[in-house]
Structure formats: C-alpha cells, structure tokens
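Subject: Structure for you to look through

Dear colleague,

Please find below the structure that I said I would hand over to you.

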There are 2 protein chains.
Amino acid sequence: MIERLNQIGEREILNRLKKFMVKGQIEDDTAQLTLTNPNILINTDIFVENVHFSDSTMSPQDIGWKTVAANISDLAGSGVDHIFGITVGIATPAKTSWSWLEKVYQGINDALNHFGGQLLGGDLSRSNQTVLSITAIGSVGKLRLHRSYAKNGDIIVTSGPHGLSRLGLALLTNNPNINSDNLSKSLKIQAIKAHQRPQTGLAALTTLKNCKPSLTPWRAAGTDSSDGLLNALQSICESSYCQAILDPNQLPKANSWPLGLPWEKWCMNGGEDFELILSLPSEWAQSFVATFPLSKIIGSIQKGDPKLMWTNGEEISLSTFSEFEHF
Amino acid sequence: MIERLNQIGEREILNRLKKFMVKGQIEDDTAQLTLTNPNILINTDIFVENVHFSDSTMSPQDIGWKTVAANISDLAGSGVDHIFGITVGIATPAKTSWSWLEKVYQGINDALNHFGGQLLGGDLSRSNQTVLSITAIGSVGKLRLHRSYAKNGDIIVTSGPHGLSRLGLALLTNNPNINSDNLSKSLKIQAIKAHQRPQTGLAALTTLKNCKPSLTPWRAAGTDSSDGLLNALQSICESSYCQAILDPNQLPKANSWPLGLPWEKWCMNGGEDFELILSLPSEWAQSFVATFPLSKIIGSIQKGDPKLMWTNGEEISLSTFSEFEHF
C-alpha cells in the first residue's frame with residue numbers, strides 16, 4: 001500500500017526527514033551556522049514539475065540530485081570557494097507518497113555528499129503541482145567570477161561539452177528527430193547521465209584557480225551554462241558590453257556528436273549543461289585548457305555593441321538556437 | 001490591456017525587477033554579501049496560493065509583505081540580532097499579469113524597509129499555481145532562542161494577543177459563524193491588519209534583550225506562533241521534554257475579544273499570529289511583561305512527559321483546538 005503524505009501529517013513527515021538534516025537543526029524553524037568566511041554567495045533556484053523535471057524521465061533521487069546540482073552550478077559560475085549548505089522548500093500534492101519524498105531527499109543527500117555542504121533545513125507544504133526551491137550558501141575567495149568582467153582580447157573557454165543533457169532528454173522521451181541506433185553507446189550513457197545526474201563546474205573551478213599564471217591578476221568573467229551556451233555568452237556580452245566571436249569549427253561538442261540539425265542547436269543552446277563559460281586573459285586560458293580535460297577554447301571577446309558572431313563576421317541569432325523559455 | 005508575463009519574456013521581467021534588488025546583484029545568478037557577523041540564522045518558508053494566501057482576501061502587496069513577515073518571524077523566534085536580507089523564488093502561471101508580480105515585489109520591498117534587510121536576488125518560473133519561496137538570512141548574538149531550552153519553573157510569556165489574524169480571515173471571507181456587527185470597529189481593523197499586514201516579534205525581541213536582569217543568564221526558550229499558540233507551546237514541550245501549565249483566565253486575547261466558540265479556539269490555535277512564545281526564568285519574565293506593551297504571562301513550565309494542561313490539571317487536547325494543517 002502506498003503511504004501518502006496527507007495520511008502521515010506534517011509533524012511526522014518532518015520527524016522522518018530529521019535523518020537528512022544537520023543534527024539539531026530541525027528542532028527550530030531556522031538553522032544556525034557559524035561561517036568560516038563572511039564573504040558569502042547565496043542563490044535561490046526554483047524547479048517546477050513538468051517545466052524543469054518530470055517523473056517520466058527522472059527518478060525522485062535524480063530530481064533531488066539535479067536540483068541541488070543546478071543550484072551549486074550557479075555558485076560555481078560565481079567562483080565559489082566553499083559550500084556551507086542548502087535549504088530546501090518543497091510544495092507537493094497531498095496525495096504524494098512518502099516514498100517519493102524520501103527518495104528526493106536521498107538524492108539531495110547524495111548530491112551534498114558529492115558536491116559538499118549540509119542540508120540546513122527547509123519547509124514543506126501541499127500544492128497542486130510539485131515545486132522545489134533550493135537556496136545554497138557558500139563563500140567566495142580571491143576569484144569572483146562576474147558576467148560583467150569580460151575584456152577586449154579575452155579568450156572564451158568552456159569547461160566541457162554542451163548539448164548532452166538535451167540529448168539525454170531526447171533519448172528518454174523517444175524524440176522522433178533522432179535515430180538512437182546511429183549513436184554510440186557511450187554517447188547515449190553520457191547523455192542520460194548528464195540529464196539525470198549532472199555534474200557541475202566545481203572541479204573546473206578548482207583547476208582554474210590552481211592554474212592561474214602567477215603574474216595574471218584575479219580577473220575573469222564567467223557564468224554557468226544552465227540556460228544554454230549561447231544564452232550564457234549573450235549574458236556575458238550584455239553585462240560586459242562586448243562581443244563574442246565564436247569559431248564554428250571549435251564548438252564544444254562531445255565525442256562522436258553527429259553533424260547537422262538538431263545537433264548543432266542542442267550544442268549551442270540545449271540548456272542544462274552546468275558547465276563553466278569563461279572569458280579569460282589569453283595566458284590563463286591556455287594554462288586552463290592544457291590542464292582541464294574536455295575544456296576547450298571556443299572563441300574570443302572584442303569591443304562593440306553586445307552580440308554574438310561567427311569568425312566570418314556573420315551574426316549569431318539567439319532565436320535560431322532557442323530551445324527553452326521559463327515563460 | 002493587461003500585460004501578461006508570457007508576453008514579456010523572462011529576460012525583460014528580470015530586467016524590470018532590477019529596481020527592487022541590491023545594486024548589481026541581478027547581473028549574476030548569485031548574490032554576494034560580506035556579513036558583519038559569521039554566526040548566522042537561515043530559514044526557508046514556502047507559501048502556496050489558496051493554502052497560505054489568496055487573491056480574494058489579500059492584495060498582491062499584502063502577499064509580498066506577509067510572506068516576508070512570516071519568514072522574518074521565524075528568525076525572530078530564534079533570537080535574530082540583525083537581518084541581512086532575503087532571496088525570493090516565485091513560480092506563477094504564465095498568464096499572471098506583470099502588474100500583480102510588480103505589486104508583490106512592492107510589498108516585499110515595503111516589508112524589508114520596515115523589518116530590515118535587502119532583497120538579494122531570486123528566481124522566477126512558470127507553474128500552474130503560484131508558489132513563493134522566501135529564504136531569510138540574519139545573524140544571532142548572545143541570545144539564541146531554542147525550542148529545547150525551556151526549564152522546570154520557567155514562566156510562559158506571549159508578546160501579544162492571539163487569534164487576530166484568524167478573525168481577520170473570517171471577516172474577509174464573511175464567515176457565517178461570526179456576527180461582525182457585534183464586534184468593535186477597532187477590533188475589526190486590528191484583525192484585518194493582522195491578517196494582511198502582520199507585524200513580527202522583532203520589537204519584542206529587542207525589548208527582551210534589553211530588559212534581561214543582569215544576573216540572569218542568556219538562556220530562554222522560544223519560538224514564534226505562526227502555527228498557532230498551542231502548536232508553539234506543544235513544540236516547546238516536546239523539544240524541551242516538559243509540560244506547559246496554562247491559566248484559562250490569562251489567555252492572550254485582544255481587547256474586547258468575545259467569549260465562547262469560535263473565539264477561544266481562534267485565540268488558542270488560529271495560527272499566523274507571528275508573536276513570540278517564550279519560556280523565561282521568572283525574574284526575566286516579570287521584567288519583560290513590565291516593559292513590553294500587550295505582552296502577558298499565560299502559564300508556567302513543569303517537569304513531566306510533554307503535554308499541555310490547564311491549571312486545574314485537565315489536559316489540553318491539541319486536536320480540540322486544531323485549525324490548520326499543511327497536509
């Protein structure tokens with residue numbers, strides 16, 4: 001028999017969730033924490049059923065993992081040094097099973113064990129549609145990545161391939177536009193993993209900090225590519241008031257990524273890639289790509305009204321590659 | 001013509017919301033802050049349309065104000081010293097008007113101007129039902145209120161009257177159980193204000209800190225009464241493993257509060273009162289009620305298996321007074 005949340009009652013649900021929380025935190029409505037660094041980064045992301053995730057393509061553990069990863073990816077895109085923890089707010093229908101909720105928390109827990117940080121507490125309510133809200137808090141050190149920090153002459157670097165999560169979704173929903181028989185098994189496994197259990201730019205960030213040439217200042221522009229590669233670049237160009245020139249032969253594609261549509265589009269703006277998009281002084285960019293596997297130089301930054309262009313001067317239209325809108 | 005969110009697009013919505021944010025924060029997905037005190041309190045609350053609020057009884061400005069107040073009330077119930085700010089996540093239908101969203105943010109802004117703290121950022125997504133998620137971050141000093149800190153012999157104190165918000169809701173929904181002609185005008189105004197534009201325990205907390213007798217240690221149990229007076233007391237008894245003895249003649253009722261049902265029930269557990277419920281050493285309790293207007297001694301704490309009792313020894317059954325369940 002399925003045990004539903006409205007059969008358990010709020011007090012008992014919170015009691016059962018205690019095992020996932022930092023000891024003692026659930027006794028009060030607020031969590032207390034002594035931070036080792038007062039320079040903090042804080043970020044809230046909201047995830048809606050059938051907008052950001054679906055039970056038809058992801059297990060509840062995957063949903064828990066991915067919401068945490070997406071949130072921490074934003075902190076990584078700002079240069080986070082250390083992750084203190086997260087809070088979780090969940091609104092879900094009263095008929096939701098306890099088992100589903102417990103598995104979401106298990107996935108959250110797995111992600112925190114992997115990425116770092118503690119579960120600091122949260123809130124729960126009934127609703128018609130499931131919504132998760134995650135707030136992550138971390139600290140920042142010497143390197144603060146800003147979208148507005150790009151400079152003329154910078155080199156644009158990605159920390160990894162793009163489009164995999166979108167391919168994973170296509171495979172999981174049997175998208176008729178692709179013939180999965182033509183794809184390598186390893187690409188398919190990689191794509192489904194990228195969709196269900198994504199990694200973040202945290203490892204790339206550590207390398208980036210460690211590989212900085214000593215005479216290069218701590219100035220780099222960056223963001224994550226959770227809204228897609230082109231959206232990330234566009235936001236850097238707008239915030240920094242500059243142009244990004246991309247080499248069409250150097251797009252950050254995965255191994256054995258096919259040619260043509262929809263592949264080009266998914267690489268350019270499939271979304272949910274959670275990689276770092278960086279604009280770096282040339283010597284730092286060279287040092288980074290020499291050190292971090294799968295990272296790639298994809299273009300450069302020049303002065304001018306914010307836009308994206310190919311190396312031949314042709315403008316890249318965001319709408320051509322648009323895949324996803326939150327509204 | 002009503003301008004709907006899906007006609008505006010996410011980028012433009014975020015652009016328009018810039019005016020409410022701390023300068024520069026919206027350029028990146030994360031907010032950066034240098035805290036003046038590393039001992040922090042953090043709390044996330046989730047508010048669901050037609051569970052926690054309704055457009056039929058509250059303006060969008062009220063909804064913004066009340067969600068912030070409810071969140072800050074939790075920090076107050078933990079003894080917060082200073083509020084740094086909040087993040088806001090909103091999921092709302094694509095057809096929601098820009099005007100509604102802007103007014104919610106205006107209410108959030110008004111509340112922050114009143115209670116303190118900055119709007120640090122947030123997230124926005126479409127959904128079927130409106131959900132707000134607020135995360136507040138503050139610091140804590142010498143006084144950390146815990147539910148688990150009550151001691152045998154403590155005096156139970158409330159910072160203000162209870163049941164007003166529930167009465168406000170009854171008035172706003174023309175509840176047939178009450179005859180509003182029999183109520184004083186000032187009670188009605190007070191009740192509607194308590195429902196739509198609630199205050200928090202912040203002022204009481206400041207007084208509590210200032211009025212502590214110098215030889216009394218910084219030990220007090222406390223929580224807010226957002227889930228109702230009895231629920232607050234029950235949670236203190238369970239966390240501290242003790243019993244609360246209440247004087248039926250000293251319930252924290254507002255001036256000219258009628259006798260009988262539903263009035264007793266609404267005072268005891270109407271919910272959304274956002275007052276402080278404190279368990280204090282006798283001398284501190286006396287000093288507090290002598291100083292803070294509308295505060296009241298309502299009972300005392302004794303040893304024993306967690307339960308609530310009247311002074312005549314009769315047990316108070318929570319279910320008799322139960323009004324509200326999140327599930």
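B:Pro262 lies in the loop between β8 and α9 (263–269) of chain B, where helices (H or I, at least four residues) and strands (E, at least two) are DSSP runs numbered from the N terminus. The peptide bond that leads from B:Leu261 to B:Pro262 is cis, and its omega is near -5 degrees. In chain A, a cis peptide bond likewise joins A:Leu261 and A:Pro262, with omega about 0 degrees, and A:Pro262 sits in the loop between β8 and α9 (263–269) of chain A.

Before going further, please keep in mind that this is a predicted model, in which local features need pLDDT of at least 70 and side-chain atom pairs count only at pLDDT 80 or more, while totals for chains, interfaces and linings use all residues. Residues are numbered from 1 along each chain as its sequence is written, chains are lettered from A and ligands numbered from 1 in the order in which they are written, and side-chain values use heavy atoms, with hydrogens and water left out.

Two further residues of chain B deserve a look, for B:Glu272 has a phi near 55 degrees, which is a positive value in a residue other than glycine, and B:Phe274 also has a positive phi, near 55 degrees, without being glycine. B:Glu272 belongs to the loop between α9 and β9 (276–280) of chain B, and B:Phe274 is found in the loop between α9 and β9 of chain B as well.

**The sheets**

In chain A, 6 strands make up an open sheet with mixed pairing, in the order β7-β9-β6-β10-β8-β11, where two strands count as paired if DSSP finds at least two bridges between them. Why is one side of β7 and of β11 in chain A left without a neighbour in the sheet? The strands β7 (221–224) and β11 (307–310) of chain A stand at the edges and each has a single partner strand, so one side of each has no neighbour there. Neighbouring strands of this sheet are turned by 25 degrees against each other on average, direction ignored; the axes used are lines fitted to C-alpha atoms, for helices over the stretch in contact, and angles run from 0 to 180 degrees between N-to-C directions.

Strand β8 (residues 243–246) of chain A pairs with strand β10 (residues 296–302) of chain A in the antiparallel sense over 4 bridges. Along this pair, A:Gln243 stands opposite A:Gln302, and A:Leu246 has A:Gly299 as its bridge partner. Strand β6 (residues 155–158) of chain A also pairs with β10(A) in the antiparallel sense, over 4 bridges, and there A:Val157 is opposite A:Ile297.

Chain B has an open sheet of 6 strands too, with mixed pairing and the order β7-β9-β6-β10-β8-β11. Its edge strands are β7 (221–224) and β11 (307–310) of chain B, each of which pairs on one side only.

**Where the chains meet**

How many residues of chain B are in contact with chain A? There are 67 of them, and they touch 67 residues of chain A, contact meaning heavy atoms within 4.5 Å. The two chains bury about 5600 Å² between them, 50% of it on carbon and sulfur atoms; buried area is the accessible area (1.4 Å probe) that two parts lose on being put together, summed over both.

Between chain B and chain A there are 2 salt bridges, a salt bridge being a side-chain nitrogen of Lys or Arg within 4 Å of a carboxyl oxygen of Asp or Glu. The side chains of A:Arg11 and B:Glu238 form a salt bridge, at 3.0 Å from N to O. On the side of chain B that touches chain A, strand β2 (residues 39–48) of chain B gives the most, with 9 residues. Strand β1 (residues 31–34) of chain A pairs with β2(B) in the antiparallel sense over 4 bridges, and A:Ala31 has B:Ile42 as its bridge partner in β2(B).

Best wishes
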